Amino acid sequence: MSQTIGAAKISIIIPAINEAGNIKKAIATTQGSINIEVIVVDGGSSDDTVAIAQSLNVKVISSSPGRAVQMNAGAVAASGEILLFLHADTRLPTGFDEMIRTALQQPGTVAGAFKLRIDASLLSLRWVEWGVNVRSHFYQMPYGDQAIFLTKEIFQQIGCFPELPIMEDFELMRRLKSIGHIVIIATPVVTSARRWLQKGVFKTTLLNQIVITAYLLGISPERIRRWYRRDKFKRV
């Protein structure tokens, strides 16, 4: 695979539910790239997400709701040798395609992601970015909003995303770390600040850490997800 990765097709998989306000911008950042396909996996939107995606001439499929379920469905539909999982509120940098192909050619590398930038000017969010990027670099634990990528071969080898109601990206990274290196591309993706602005930066960051701790202590993902829904917060 390493001999052909430099010319490999990239399948960009975007799970979405009611993302009419974001999906066009996410798809726009994929354009101008070489040898890619975009697959929007809709989990049952009641807004114009599907219509907007279809108008942009990308592949649109439907699945049961749930980010892990949707991303796995997208991977099955993908024709590319490389899979890139992109959140609908995240925008890719120019030249991401060549960055990804180059990164995956590094010896021992099994996956990667990008540094994170948050689309708001609050100083407190610069500290959040710093924490995310330190964690990603030193602990090789990027999360989904950093645009995770890997080859389809490796994705199938580790058993795809575990279909958990929450923490699916965290668990995927743990599996990947056990078999090789996870590279972090220095050029950032830009993600929406909505998850932090909704509850406040400090409270959201604290709740994020509680979720991770609860998961590591063995509390069921379904129970954690119920907290998640009740408090309407999201993990970084």
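User: What share of the contacts in the protein with a separation of 6 or more comes from residues 24 or more positions apart?

Analyst: In this predicted model, residues 24 or more positions apart account for 75% of those contacts. A contact here requires heavy atoms within 4.5 Å.

User: What makes the protein as compact as a globular protein of its length?

Analyst: The secondary structure comes to ten helices and eight strands. For 236 residues the globule rule gives 18 Å, and the radius of gyration is 17 Å, close to that value; the protein is therefore as compact as a globular protein of that length. Along the principal axes, the C-alpha atoms fill a box of roughly 45 × 40 × 35 Å.

User: Why is one side of β3 and of β5 left without a neighbour in the sheet?

Analyst: The eight strands form an open sheet with mixed pairing, in the order β3-β2-β1-β4-β7-β6-β8-β5. β3 (59–62) and β5 (90–91) stand at its edges and have a single partner strand each, so one side of each lacks a neighbour in the sheet.

User: How do you know that β6 and β8 count as paired, and in which sense do they pair?

Analyst: Pairing requires at least two bridges between the strands. Strand β6 (residues 109–118) and strand β8 (residues 181–191) have nine bridges, in the parallel sense, and therefore meet the criterion. Within this pair, Ala 111 stands opposite Ile 182 in β8.

User: Why is Leu 150 called buried?

Analyst: Leu 150 is found in strand β7. The cut-off for buried is under 20% relative accessible area; the relative accessibility of Leu 150 is 0%, and the residue therefore counts as buried. Beyond residues up to four places away in sequence, Leu 150 touches Ile 82, Leu 83, Phe 85, Leu 104, Val 110, Ala 111, Phe 155 and Leu 176.

User: What makes helix α7 mostly covered, and against which elements do its buried residues pack?

Analyst: In α7 (residues 168–177), seven of the ten residues are buried. They are Glu 168, Asp 169, Phe 170, Glu 171, Leu 172, Met 173 and Leu 176. These buried residues pack against α3 (67–77), β6, β7 (148–151), α6 (152–157), β8 and α9 (201–216). Leu 176 is also one of the residues that Leu 150 touches.

User: How much of the whole protein is buried, and how much of its accessible surface belongs to carbon and sulfur atoms?

Analyst: Buried residues make up 50% of the 236 residues. The accessible surface comes to about 10700 Å², of which carbon and sulfur atoms hold 54%.

How values were computed: Residues numbered from 1 in each chain as written. Predicted model: local features only at pLDDT ≥ 70, side-chain atom pairs only at ≥ 80, totals over all residues. Heavy atoms only, no water. Helix = DSSP H or I, 4+ residues; strand = E, 2+ residues; numbered from the N terminus. Rg over C-alpha atoms; globule rule 2.2 N^0.38 Å. Buried < 20%, exposed > 50% of the residue type's maximum accessible area, 1.4 Å probe, protein only. Areas by Shrake-Rupley, 256 points an atom, 1.4 Å probe, with all protein chains shown as cover.
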